[in-house]
Amino acid sequence: MDLPRAPRINPSILAADFVNMQADLARIATADFAHVDVMDNHFVPNLTFGPQMVERIQATSPIPLDVHLMITDPERWAPEYAEIGAASVTFHLEAAADPVALARRLRDIGSRAGVAVKPGTPVESLFEVLDEFDQILVMTVEPGFGGQSFMPETMPKLRSLAEEARRRGSSVWLQVDGGISDSTIEHAAAAGADTFVAGSAVYGADDIEAAVTRLRDLARAGNLES
């Protein structure tokens with residue numbers, strides 16, 4: 001049996017204090033990536049960061065950026081985030097005209113290429129092209145707003161991706177985003193996730209470093225159950 005990969009905890013700065021962003025980035029220095037949600041008020045009904053703000057976050061963050069683009073026309077905009085220096089750029093399958101071509105473009109620039117799927121989007125079309133992506137993000141809430149409740153009905157889809165990745169010997173990372181907390185992270189890990197986005201579970205904690213460590217330990221325990 002293959003040993004489970006060490007889980008990654010990516011705090012979502014959507015839950016941070018925007019006025020004190022540099023300080024709140026410093027508080028997650030023991031995490032793996034800073035998760036940056038880019039929303040355009042078109043693909044999702046909310047508006048957050050743009051390239052200029054992400055570039056400033058990139059310049060001040062003590063850990064690499066994991067950028068999640070909830071936007072239309074990712075072919076136009078995603079390469080710009082890779083050029084800024086984001087370590088990982090994830091776009092939505094539902095928004096991309098040619099996901100494989102865009103993933104290859106992001107990799108050519110030097111970023112890890114990720115693709116995200118909404119809760120209701122099937123994943124079977126990704127099976128044949130798993131190795132074109134470095135990360136697949138299974139949304140465990142409807143994208144657009146933080147603080148939503150975890151959707152357990154997305155776990156069979158995650159498990160099928162994990163099984164297919166294992167069958168093909170793929171090294172793709174499987175990420176979950178939405179409602180990840182002390183009470184849900186083990187379930188997601190047991191279904192095959194190895195990369196976890198957590199917003200309020202990290203930034204709402206009195207001790208952020210301890211919260212990151214606790215989530216990582218819980219994920220590791222869940223991985224052992226899978």
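The model discussed here is predicted.

**Helix α3 and helix α4**

Helix α3 and helix α4 (residues 99–109) pack at an angle of about 20°, and their axes are 9 Å apart. Because of this angle, α3 and α4 are roughly parallel to each other. Their crossing is right-handed. On the side of α3, the contact is made by Pro74, Glu75, Ala78, Pro79, Ala82 and Glu83, and on the side of α4 by Leu102, Arg105, Leu106 and Ile109. The residues of this contact of α3 with α4 comprise 7 nonpolar, no polar and 3 charged.

**Helix α2 and helix α3**

Helix α3 (residues 74–84) also packs with helix α2 (residues 51–60): the two axes come within 10 Å and cross at roughly 25°. The helices α2 and α3 are therefore roughly parallel to each other as well. The crossing of α2 and α3 is right-handed. Pro51, Val54, Glu55 and Gln58 of α2 meet Glu80, Tyr81 and Ile84 of α3. In the contact of α2 with α3, the residues divide into 4 nonpolar, 1 polar and 2 charged.

| Helix pair | Axes | Angle |
|---|---|---|
| α2 and α3 | within 10 Å | roughly 25° |
| α3 and α4 | 9 Å apart | about 20° |

**The sheet**

The strands form an open sheet of 8 strands in the order β1-β8-β7-β6-β5-β4-β3-β2, with parallel pairing. β1 (8–11) and β2 (34–39) stand at the edges with a single partner strand each, so one side of each is left without a neighbour in the sheet. On average, neighbouring strands of this sheet are turned by 25° against each other, direction ignored.

Within the sheet, strand β3 (residues 65–70) and strand β4 (residues 88–92) run parallel and are joined by 3 bridges. Which residue of β4 is the bridge partner of histidine 68? The partner is threonine 90.

**Helices across the sheet**

Helix α2 lies across β2 and β3, and runs at about 165° to β3. Helix α3 lies across β2, β3 and β4, and its direction is at about 165° to β4.

Definitions and conventions:
Residues numbered from 1 in each chain as written. Predicted model: local features only at pLDDT ≥ 70, side-chain atom pairs only at ≥ 80, totals over all residues. Heavy atoms only, no water. Axes fitted to C-alpha atoms, helices over the stretch in contact; angles between N-to-C directions. Helix = DSSP H or I, 4+ residues; strand = E, 2+ residues; numbered from the N terminus. Parallel < 35°, antiparallel > 145°, perpendicular 65-115°, else oblique. Left-handed = near helix turned anticlockwise from the far one by under 90°. Contact = heavy atoms within 4.5 Å. Nonpolar A, V, L, I, M, F, W, Y, C, P; charged D, E, K, R; others polar. Pairing = 2+ DSSP bridges.
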